[in-house]
Amino acid sequence: FISTNIDYVLRNLEVRSLIIAGLLTDQCIDSAARDACDLGYLVTIATDACATHTRERDEWALRNNRGYAPQRTTAELVAEIERLTGG
């Protein structure tokens, strides 16, 4: 979020909730989740859709973000989306 216009774009699209996934859990994912939460977005981290250099660093970063954002597996997220959309 820092040094980008992503917040501007998301607000113009009226986005309120984010599912965050990607690489590096202990850097980019950690930073994006915290920034998004601080900006008022409802953030969920897709735990099995994130990775970093070692399993230990991945687990450490996810533990540190538990207070910021709920964490779900992709299967849990798909099931929740299907339940909410009737799909």
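Ala69 sits in the loop between α3 (55-65) and β3 (71-72), where helices (H or I, at least four residues) and strands (E, at least two) are DSSP runs numbered from the N terminus. With a relative accessible area of 2%, Ala69 is buried; buried means under 20% relative accessible area, exposed over 50% and partly exposed in between, with a 1.4 Å probe and protein chains only. This is a predicted model, in which local features need pLDDT of at least 70 and side-chain atom pairs count only at pLDDT 80 or more, while totals for chains, interfaces and linings use all residues. Residues are numbered from 1 along each chain as its sequence is written, and side-chain values use heavy atoms, with hydrogens and water left out.

**Around Ala69**

- Setting aside neighbours within four places in sequence, Ala69 is in contact with Cys37, Val43 and Ile45, contact being heavy atoms within 4.5 Å.
- Ala69 and Cys37 are 32 residues apart along the chain, and their C-alpha atoms are separated by 7.5 Å.
- Cys37 is also one of the buried residues of α2.

**The overall fold**

- The protein has 4 helices and 3 strands, and along the sequence they follow the pattern α-β-α-β-α-β-α.
- The radius of gyration is 13 Å, close to the 12 Å that the globule rule gives for 87 residues, so the protein is as compact as a globular protein of that length. The radius is taken over C-alpha atoms, and the globule rule is 2.2 Å times the number of residues to the power 0.38.
- The C-alpha trace spans about 35 × 35 × 20 Å along its principal axes.
- Of contacts between residues at least 6 apart in sequence, 73% join residues at least 24 apart.

**Burial, surface and charge**

- Of the 87 residues, 31% count as buried.
- The accessible surface comes to about 5800 Å², and 53% of it belongs to carbon and sulfur atoms; the areas come from the Shrake-Rupley method with a 1.4 Å probe.
- The protein has 9 positive and 13 negative charges, whose mean positions are 4 Å apart. Lys and Arg count as positive and Asp and Glu as negative, leaving out His and the chain ends.

**Helix α2 and its surroundings**

- The buried residues of α2 include Thr25, Asp26, Ile29, Asp30 and Asp35, and the buried residues of this helix pack against β1 (17-23), β2 and α3.
- Leu24 is placed in the loop between β1 and α2, and the peptide bond from Leu23 to Leu24 is cis, with omega near -25°.
- After α2 comes Gly40, whose phi is positive, near 100°.

**The aromatic pair**

- There is 1 aromatic pair, with rings of Phe, Tyr and Trp (its six-membered ring) pairing if their centres lie within 6.5 Å; planes under 30 degrees apart count as stacked, over 60 as edge-to-face and the rest as tilted.
- The ring centres of Phe1 and Tyr41 are 5.8 Å apart and the planes stand at 45°, so the pair is tilted.
- Phe1 lies in the segment before α1 (6-12) and Tyr41 in the loop between α2 (25-38) and β2 (42-51), so the pair ties together parts that are 40 residues apart in sequence.
- Tyr41 is buried, with a relative accessible area of 4%.

**Positive phi outside glycine**

- Ser3, in the segment before α1, has a positive phi near 65° and counts as exposed at 77% relative accessibility.
- Glu14, in the loop between α1 and β1, has a positive phi near 60° and counts as exposed at 68% relative accessibility.

Definitions and conventions. Charge placed at Lys NZ, Arg CZ, Asp CG, Glu CD.
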